[in-house]
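Below is a short report on one protein chain. Please look over the sequence and the model before reading on.

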Amino acid sequence: MSSNKGKDVAEGSSRSSSASAGGSGGGDQKQQPPPLSRYESQKRRDWNTFGQYLRNQRPPVALSQCNSNHVLDFLRYLDQFGKTKVHLQGCVFFGQPEPPGPCICPLRQAWGSLDALIGRLRAAYEENGGLPETNPFASGAIRVYLREVRDSQAKARGIPYKKKKKKRNPIKANSDNSNFPMQ
């Protein structure tokens, strides 16, 4: 019992205060923030992982000293945990969308996963006090790297990447123009 009493005090438990308030309960409970969305949870995990990566560098890198080269190194580091087979140029299955057998080509992070990761880290950087002008995740070098990964993976799989065209809503386009009087 005495171990619980110390724990209650250390954690700021409301158990003792609710007992003294006549057992009404619920009066001293703290409001819990709403649970994070899946996106927000993933963004927080990604941000913490990147921070840990920087701390593990020799010498450790402060976030304020981080640049696009550190981000590129992080993306290359993540490749070892990838699950997407990317056929090398000399592989007999290079350029085949559905290879008939296994090969020794490496597993890599899929382009879509890297693209989404950079989007989350870019947002997290600014949410954690970084300036948009110094955001290493928004660098041109990162965009070039992602484009190269996308193109090489598409070529290795024999599936060309085609950007989806946005469809314009003709009704909305006409109604937008009707708000302005003709002179």
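## A residue in helix α5

Start with A124. Leaving aside neighbours within four places in sequence, A124 is in contact with K43 and W47. The model is a predicted one. A124 is found in helix α5.

Is A124 buried or exposed? A124 has a relative accessible area of 2%. The cut-off for buried is under 20%, so A124 counts as buried. A124 can also be set against N48: the two are 76 residues apart in sequence. In space, their C-alpha atoms are 9.9 Å apart.

## The chain as a whole

The protein chain holds seven helices and two strands. What order do the elements take from the N terminus on? They run α-α-α-α-β-β-α-α-α.

The chain has 183 residues, and 26% of them count as buried. Consider next the contacts between residues at least 6 apart in sequence. Of these, 58% join residues at least 24 apart.

## Helix α6

Helix α6 covers residues 140-157, 18 residues in total. At 1.5 Å a residue, α6 should span 26 Å.

Which residues of α6 are buried? They are I142, Y145, L146, V149, Q153, A154 and A156. Seen down the axis of α6, these buried residues fall within an arc of 165°. They therefore line one face of the helix. What do the buried residues of α6 pack against? Their partners are α4, α5 and β2, the strand at residues 107-108. Helix α5 is also where A124 sits.

## The largest pocket

The largest pocket has a volume of about 280 Å³. It is lined by 17 residues. Closest to its centre are L78, Q109, S113, L117 and R120.

Which elements give two or more residues to the lining? They are α3 (38-56), α4 (68-78) and α5 (111-127). Two of these, α4 and α5, also pack against the buried residues of α6.

Note on methods: Residues numbered from 1 in each chain as written. Predicted model: local features only at pLDDT ≥ 70, side-chain atom pairs only at ≥ 80, totals over all residues. Heavy atoms only, no water. 1 Å grid on protein atoms, 1.4 Å probe; cavity = no way out; pocket = protein on both sides within 12 Å on 5 of 7 lines; lining within 4 Å. Points joined across faces, edges and corners; volume = space filled by probe spheres on them. Helix = DSSP H or I, 4+ residues; strand = E, 2+ residues; numbered from the N terminus. Expected span 1.5 Å × (residues − 1). Buried < 20%, exposed > 50% of the residue type's maximum accessible area, 1.4 Å probe, protein only. Arc of directions from axis to C-beta. Contact = heavy atoms within 4.5 Å.
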